[in-house]
Amino acid sequence: MCLIFVLPHAGGGAHHYYGWAEHLSPEIQWEPLDYAGHFSRMDEPLYTTFEHAIQDLAGKIIDRACGQPFGLFGHSMGGALAYEISQYLTERQMAEDLLFIAISSALPSNRRDPGMTRYYELPDRDFIQHLIDTGGMTKQMAAESELMASYLPLIRQDYRLYHQYQSPLHPPLKIPLYTLWGEQEEDRNDNMPAWKDYSHAFNGGKSYPGNHFYWRYCLDAVTAHISSIVCQTLTEQAGRT
């Protein structure tokens, strides 16, 4: 059995990923997480820094894993968090049970275009249109004024944290690292192979038809890929014992 902790996209929550479980191998215990101030954790204050998010989530992951082997899957902002949590645990010699990370995210911030748009600074109308264009929001959601009043500040803060965080120059991980992305994101097609610089155990990447939220259109293929990663990882682990 392998736990997989899921780190959602900006503005996302565990509920966006719960449905994946029924498509995955029975050897996987699928554990989507909510961020502080989001959904099941609405009574907690939002993170004020990316470092705060890393520390909080790393602690919750270690507590929930309780010595069991686990992997991390992160999409978009969640991919950046998965990478930084892996580094955080490695630096503290707490990564012995971390079997792999699967990242669906741009490269760390030190490889980011410094001129990229600060979407979180846009007026509400333009920010909402950006969310609709990328698939992060439907027009129906955008029309619900009460929902927008509570949701926009939350997702703006996620965008702000993700944009402002500066990844330290970590040494490459020794943990197996896999990448996934939507092939309609042209920058990902060009840049995702460079994740090989971030782990000595980089195991390649796989693109899928679609845009930023590609997995909405090919969930069976994506979950089959994740299941195969777990099967391969558990087989290799058994061979070493």
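**Figure 1. Salt bridges across the whole structure.** A search of the whole predicted model finds 9 salt bridges. A salt bridge here is a side-chain nitrogen of Lys or Arg within 4 Å of a carboxyl oxygen of Asp or Glu. The model is predicted: local features need pLDDT of at least 70, side-chain atom pairs count only at pLDDT 80 or more, and totals for chains, interfaces and linings use all residues. Residues are numbered from 1 along each chain as its sequence is written, and side-chain values use heavy atoms, with hydrogens and water left out.

**Figure 2. The R64–E31 salt bridge.** The side chains of R64 and E31 meet at 3.6 Å, N to O. R64 sits in helix α1 (residues 50-65) and E31 in strand β2 (residues 28-32), so the pair ties together parts that are 33 residues apart in sequence. Helices (H or I, at least four residues) and strands (E, at least two) are DSSP runs, numbered from the N terminus. R64 is partly exposed, with a relative accessible area of 46%. Buried means under 20% relative accessible area, exposed over 50%, and partly exposed in between (1.4 Å probe, protein chains only).

Figure 3. E91 pairs with R92; their closest N and O atoms are 3.5 Å apart. Both partners are partly exposed: E91 at 46% relative accessibility, R92 at 40%. In the second pair, the side chains of K196 and D197 meet at 3.6 Å, N to O. D197 is partly exposed at 40% relative accessibility.

**Figure 4. A salt-bridge network.** Three residues take part: R41, E44 and D56. Salt bridges link them in a network.

**Figure 5. Strand β5, enclosed.** In β5 (residues 177-182), 6 of the 6 residues are buried, so the strand is largely enclosed by the rest of the structure. Both faces are covered. L177, T179 and W181 lie on one side; Y178, L180 and G182 lie on the other.

**Figure 6. The strand partners of β5.** Strands pair if DSSP finds at least two bridges between them. Strand β4 (residues 98-104) and β5 pair in the parallel sense over 3 bridges. Y178 in β5 is the bridge partner of A102. Strand β6 (residues 202-208) also runs parallel to β5, joined by 5 bridges. There, T179 stands opposite G205 in β6.

Figure 7. β5, helix α6 (residues 186-191) and β6 make a right-handed β-α-β unit. Right-handed means that, with the strands pointing away from the viewer, the path from the first strand over the helix to the second runs clockwise.
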